Amino acid sequence: MSTTALVTWLVTALGGFFMLGRWLSRRRGGASGRFPVPVVSGHFLLAAAGLVVWIAYLVTGATALAWAALVILVPVALLGFVLLARWIPARGTAAPEAAIPVAVVVAHGVFAVATLVLVLLTAVAAAGG
């Protein structure tokens, strides 16, 4: 389960990189967007930090690291919902966010939820529950 969580996290990250690239390429064109830069940055940096902590858990087996990764994922998810809420009304507009395909957003969300659930289940199992 812990390795599956790593795989889903990596797939989620790939989708995130794709969306970030599309958004940044449109912003370079001078378009202002609906995504606050601190929210995008926070979502990206916390998700990357959580992934590093998860890999450290996989290497060491330290239960505290599994729980730390889960704790980090909570604000990642909350920031992701903020971005989703701002992306929905941007569709069909000239905003940079409109360049992000629906299929990628949906896949990113599905894999993110799967990752969160797998990390939770792994942390509970690691704690002996």
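A crossing is left-handed if the near helix is turned anticlockwise from the far one by less than a right angle. The views below come from a predicted model.

**View 1. Helices α2 and α3 cross in a left-handed sense.** Their axes lie 8 Å apart. The packing angle is about 160°. Angles over 145 degrees count as roughly antiparallel, and α2 and α3 are therefore roughly antiparallel to each other. Their contact holds 19 nonpolar and six polar residues. No charged residue takes part in this contact of α2 with α3.

**View 2. Helices α1 and α4 pack with their axes 8 Å apart.** The angle here is about 150°. This pair, α1 and α4, is therefore roughly antiparallel too. The crossing of α1 and α4 is left-handed. On the α1 side, the contact residues include Ser2, Thr8, Trp9, Thr12, Phe18 and Met19. On the α4 side, they include Val104, His108, Phe111, Leu118 and Thr122. By class, the contact of α1 with α4 divides into 12 nonpolar, nine polar and no charged residues.

**View 3. Helices α2 and α4 cross at roughly 40°.** Their axes come within 13 Å. The crossing of α2 and α4 is left-handed. From α2, the residues in contact are His43, Trp54 and Tyr57. From α4, they are His108, Val119, Thr122 and Ala126. The contact of α2 with α4 counts four nonpolar and three polar residues, and no charged ones.

**View 4. The largest pocket has a volume of about 940 Å³.** Its lining is made of 34 residues. Nearest the centre of the pocket lie Thr12, Met19, His43, Gly80 and His108. Thr12 and Met19 also belong to the contact of α1 with α4. His43 and His108 also belong to the contact of α2 with α4.

View 5. The largest share comes from α4, with 10 residues. By class, the lining of the largest pocket has 27 nonpolar and seven polar residues.

Note on methods
Residues numbered from 1 in each chain as written. Predicted model: local features only at pLDDT ≥ 70, side-chain atom pairs only at ≥ 80, totals over all residues. Heavy atoms only, no water. 1 Å grid on protein atoms, 1.4 Å probe; cavity = no way out; pocket = protein on both sides within 12 Å on 5 of 7 lines; lining within 4 Å. Points joined across faces, edges and corners; volume = space filled by probe spheres on them. Helix = DSSP H or I, 4+ residues; strand = E, 2+ residues; numbered from the N terminus. Nonpolar A, V, L, I, M, F, W, Y, C, P; charged D, E, K, R; others polar. Axes fitted to C-alpha atoms, helices over the stretch in contact; angles between N-to-C directions. Contact = heavy atoms within 4.5 Å. Parallel < 35°, antiparallel > 145°, perpendicular 65-115°, else oblique.
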